Amino acid sequence: MIPALDAYRDFSFLSAIIRLLLALICSTVIGYGRSSMQRTAGMRTYVLISVGSCMAVLITLFQFEMLQTAWAGTVDEVGQKSDASRMASQVVAGIGFLGAGLIIKAAHQQVSGLTTATGLFATVCLSMAAGAGFYEPVILSALIVVLVLNVMSPLEITFKRSVRNIVLNVEFYDVKDIQRISDTIREQHAAIYDIDVERSAQEGDKYPNAIFILQLSKLNHSHSGMLSSIAELSCVRSVQELIS
Amino acid sequence: MNPLRELTFLSLVIRLLLSCACGTLVGLERSSKNRPAGFRTHISVCLGSAVAAITGTYLFVGLKLPADISRISGQVITGLGFIGAGSIIITKKLTIKGLTTAAGLWTTGIVGLAIGSGYFELGVLGTALVLAAETVLGRLTASIQRRPEFTLEILYNDKTALDEVLRFCKDSHMAITRLQILSLDDNPEADYAAEIYLRGNARPVTLVSRIQIMPGVVSALDIEK
């Protein structure tokens with residue numbers, strides 16, 4: 001551990017301010033990237049939750065300070081019953097619930113909001129480390145979170161567009177057409193893992209659709225090629241690649 | 001030791017009043033923006049958390065029971081997580097509303113815990129930080145949001161035309177996040193329509209003007225989604 005930081009490891013109001021500011025700065029940086037990507041959780045959310053979880057740890061430290069000074073008599077009499085990690089553990093659970101509220105079940109068996117929820121979770125955890133005066137991992141993990149959430153986002157999309165396993169949502173005119181579609185897919189030497197018919201009969205102006213989960217052939221795994229050849233079929237109304 | 005940190009009647013009154021004041025300050029800011037949780041909600045949360053923290057302390061310090069003084073406070077944090085999750089709304093366009101309010105409510109609860117535990121400085125400092133985050137960062141957020149995602153609609157006849165368009169988008173450093181191809185039955189000019197969801201820094205206008213003149217492409221359009 002870095003010895004220069006040891007001066008601020010003791011519990012005092014000055015070190016509490018430093019810890020809160022550290023959590024504030026880290027969450028602002030993380031939130032800035034999320035805001036600029038127009039994600040649901042922006043800077044304010046990150047900062048608010050970060051300040052709160054840092055405070056929760058500081059309250060625990062304060063309580064222990066009190067147990068050692070003002071309430072030392074009671075501690076001698078009844079015994080030490082407090083658990084310093086209790087508040088922090090409940091922060092983890094509480095943010096878990098909040099994150100669960102953020103995850104949306106979107107159309108076609110997809111979910112969204114998962115990265116936002118986990119990003120908040122990671123930010124809360126590093127803010128608690130800041131609150132405990134454990135400064136070393138805070139800045140390092142904040143940098144990693146920024147890297148993962150922002151820099152790696154285009155990387156993940158590029159990666160997902162080059163993988164062999166793809167999920168397609170196909171709209172067609174008649175359910176019997178599924179056979180022709182799967183024949184076309186097999187002609188491209190792709191393997192079909194699963195076909196899930198979402199709407200079989202026509203409901204209003206909606207056409208029947210199905211989710212195809214496939215693995216493209218090793219030699220030719222162009223996503224747009226597969227989409228085009230399915231779209232060319234006269235029985236297909238629309239085809240869409242689903243990327244979560 | 002400061003007598004206000006002890007559990008006396010005077011200290012109790014001060015803790016309750018201070019938690020109400022902090023809840024009011026945060027709540028007024030939310031109310032002034034006409035957000036779902038107003039100052040009554042925030043006062044309830046802040047005061048309730050403070051009472052929970054005081055009770056937790058009282059079990060040990062006042063009654064001298066073998067209790068963990070942080071257990072009740074800890075469960076408040078989880079409980080407020082539940083309330084926050086319930087206050088988040090998913091709109092019809094599958095976006096999220098109420099997240100900042102939920103986060104603010106959660107942190108206000110922790111401010112209440114700090115004051116109830118007798119850590120007044122932290123409670124006041126926390127309130128100041130919450131208010132700063134809500135006001136200053138709110139304005140800042142609006143100014144940094146750009147428009148990184150947009151959708152191009154392209155009408156074309158030839159299958160290779162789409163490949164060309166996609167290659168051009170990649171060469172312009174645009175990430176293709178989603179692709180939808182629609183076969184057109186009643187359009188005499190084009191056989192297919194493709195919706196390409198793009199993310200990147202290139203301007204939509206520049207892309208459209210270049211794509212429009214590509215062979216096989218009937219028309220290209222930047223559409224709002």
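Which helix of chain B holds both B:Glu164 and B:Arg167, and how many residues apart are they? Both lie in helix H6 of chain B, three residues apart, about one turn of the helix. Let's look at this pair and then at its surroundings.

## About the model

This is a predicted model, in which local features need pLDDT of at least 70 and side-chain atom pairs count only at pLDDT 80 or more, while totals for chains, interfaces and linings use all residues. Residues are numbered from 1 along each chain as its sequence is written, chains are lettered from A and ligands numbered from 1 in the order in which they are written, and side-chain values use heavy atoms, with hydrogens and water left out.

Helices (H or I, at least four residues) and strands (E, at least two) are DSSP runs, numbered from the N terminus.

## Salt bridges

The side chains of B:Glu164 and B:Arg167 meet in a salt bridge, 3.1 Å from N to O. A salt bridge here is a side-chain nitrogen of Lys or Arg within 4 Å of a carboxyl oxygen of Asp or Glu. B:Glu164 is partly exposed at 39% relative accessibility, and B:Arg167 is partly exposed at 46%. (Buried means under 20% relative accessible area, exposed over 50%, and partly exposed in between, with a 1.4 Å probe and protein chains only.) Elsewhere, salt bridges that share partners join A:Asp6, A:Arg9 and A:Glu136 into one network.

A search of the whole structure finds eight salt bridges over all chains. One of them links B:Glu121 with B:Arg5, with the closest N and O atoms 2.8 Å apart. B:Glu121 lies in helix H5 of chain B and B:Arg5 in the segment before helix H1 (9-32), so this pair ties together parts that are 116 residues apart in sequence. B:Glu121 is partly exposed, at 27%, whereas B:Arg5 is buried, at 16%. Another salt bridge pairs B:Glu29 with B:Arg30 at 3.3 Å between the closest N and O atoms; B:Glu29 is buried at 10% relative accessibility, and B:Arg30 is buried at 1%.

## Where the chains meet

How many residues does each chain bring to the contact? Chain B brings 79 residues and chain A brings 77, with contact meaning heavy atoms within 4.5 Å. About 7,100 Å² is buried between the two chains, and carbon and sulfur atoms give 68% of that area. Buried area is the accessible area (1.4 Å probe) that two parts lose on being put together, summed over both. B:Phe60, B:Trp106 and B:Tyr119 supply 9% of the area that chain B buries against chain A, more than any other three residues.

The rule finds one salt bridge across this interface: B:Asp68 with A:Arg86, whose closest N and O atoms are 2.3 Å apart. On the side of chain B that touches chain A, H5(B) gives the most, with 14 residues.

## Strands within and between chains

Strand E6 (residues 236-241) of chain A and E4(B) pair in the antiparallel sense over three bridges; two strands pair if DSSP finds at least two bridges between them. In this pairing, A:Val239 stands opposite B:Ile181.

Within chain B, strand E3 (residues 149-156) is mostly covered, with six of its eight residues buried. Eight bridges join E3(B) to the antiparallel E5(B), where B:Arg199 stands opposite B:Glu149. E3(B) also pairs with strand E6 (residues 217-223) of chain B, antiparallel over six bridges, and here B:Ile154 stands opposite B:Ala220.
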